[in-house]
Amino acid sequence: MSMLLRVKNPQDAAAGVLLLGICLAGIHFGRDLEMGTAADMGPGYFPMMLSGIIGICGLVMLARGVSRDGPAIDAVRLRPLLCVLGSLMAFFVMIAWAGLVPSVVAMTFIAAYARPQARLAETLGLAVVAAVFAVLVFIEALHLPMQIWWGAQ
């Protein structure tokens, strides 16, 4: 009798391993931060709790991967991967000099074209809603010191 478990659902098993890796990275990088308590949270409290939740999700996904039948892992499609990563990179590059609204709009347009059937009107509507939401949350509600547009504070 073999002690190794057979992977029945490679997608769930791979997702579980990925989430466990993220959990371990979060714990590793947050290990020097003070935890505090739930009533008096330190800077490491939230990252550790989030890492724990991600780890639990990873264990559940891994358990599903060895207990339930499922599909094989699909081939990697470059368009969605490059569009999503490109949208994040555009946001991080633009936020310092272009401001929040142009960065969110650019990020939304680049990410939307991860799907071949992206529509201009839908993408524009989503970009406007996302930009307004970002301004309301980060500028108005949280009062973060970031510029909204080029040269505007």
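This note walks through the helices, their packing and a few individual residues of the structure above.

1. A word on the basis. The model is predicted, so local features are described where pLDDT is at least 70 and side-chain atom pairs at pLDDT 80 or more, while totals for chains, interfaces and linings use all residues. Residues are numbered from 1 along each chain as its sequence is written, and side-chain values use heavy atoms, with hydrogens and water left out.

2. Let us start with the α1 and α2 pair. Helices here are DSSP runs (H or I, at least four residues; strands are E, at least two), numbered from the N terminus. Helix α1 covers residues 10–30 and helix α2 covers residues 45–67; their axes lie 7 Å apart at an angle of about 160 degrees. Axes are lines fitted to C-alpha atoms, for helices over the stretch in contact, and the angles run from 0 to 180 degrees between N-to-C directions. The two helices are therefore roughly antiparallel (over 145 degrees; under 35 is roughly parallel, 65 to 115 roughly perpendicular and the rest oblique). Their crossing is left-handed, meaning that the near helix is turned anticlockwise from the far one by less than a right angle, where clockwise would be right-handed.

3. Which residues of α1 and α2 make the contact? On the α1 side they include Ala 13, Gly 16, Leu 20, Cys 23, Ile 27 and Gly 30. On the α2 side, Met 48, Ile 54, Cys 57, Gly 58, Leu 62 and Gly 65 are among them. Contact means heavy atoms within 4.5 Å.

4. Asn 9 is worth a look next. Asn 9 sits in the segment before α1 and is buried, with a relative accessible area of 6% (buried is under 20%, exposed over 50% and partly exposed in between, with a 1.4 Å probe and protein chains only). Leaving out residues up to four places away in sequence, Asn 9 touches Arg 64, Gly 65, Arg 68, Asp 69, Gly 70 and Pro 71.

5. Now the cysteines. How many disulfides does a search of the whole structure find? The search finds 0, a disulfide being a pair of cysteine sulfur atoms within 2.5 Å. A disulfide is a covalent bond between the sulfur atoms of two cysteines. For Cys 57, the closest cysteine sulfur is in Cys 23, 10 Å away, so the two are too far apart for a bond. Cys 57 is partly exposed at 38% relative accessibility, whereas Cys 83 is buried at 16%.

6. Helices α3 and α4 form another packed pair. Their axes are 8 Å apart at an angle of about 170 degrees, and the helices are therefore roughly antiparallel. Cys 83, Gly 86, Ser 87, Leu 88, Ala 90, Phe 91 and Met 94 of α3 meet α4 residues that include Leu 100, Val 104, Met 107 and Ala 111. Ser 87 is buried, with a relative accessible area of 3%. Beyond residues up to four places away in sequence, Ser 87 touches Met 107, Ile 110 and Ala 111.

7. There is one ring pairing to inspect. A search of the whole structure finds 1 aromatic pair: Phe 91 and Phe 92, edge-to-face, at 5.8 Å centre to centre with 75 degrees between the planes. Rings of Phe, Tyr and Trp (its six-membered ring) pair if their centres lie within 6.5 Å; planes under 30 degrees apart count as stacked, over 60 as edge-to-face and the rest as tilted. Phe 91 is buried at 18% relative accessibility, while Phe 92 is exposed at 58%.

8. The loop between α3 (78–94) and α4 (100–112) holds Ile 95. Setting aside its neighbours within four places in sequence, Ile 95 is in contact with Leu 100 and Ser 103.

9. The axes of α4 and α5 come within 8 Å and cross at roughly 145 degrees, and the crossing is right-handed. Phe 109, in α4, is partly exposed at 22% relative accessibility. Not counting residues up to four places away in sequence, Phe 109 touches Leu 120, Thr 123, Leu 124 and Ala 127.

10. Finally, please check His 143, in the segment after α5. Its phi is near 55 degrees, a positive value in a residue other than glycine. His 143 is exposed, at 60% relative accessibility.
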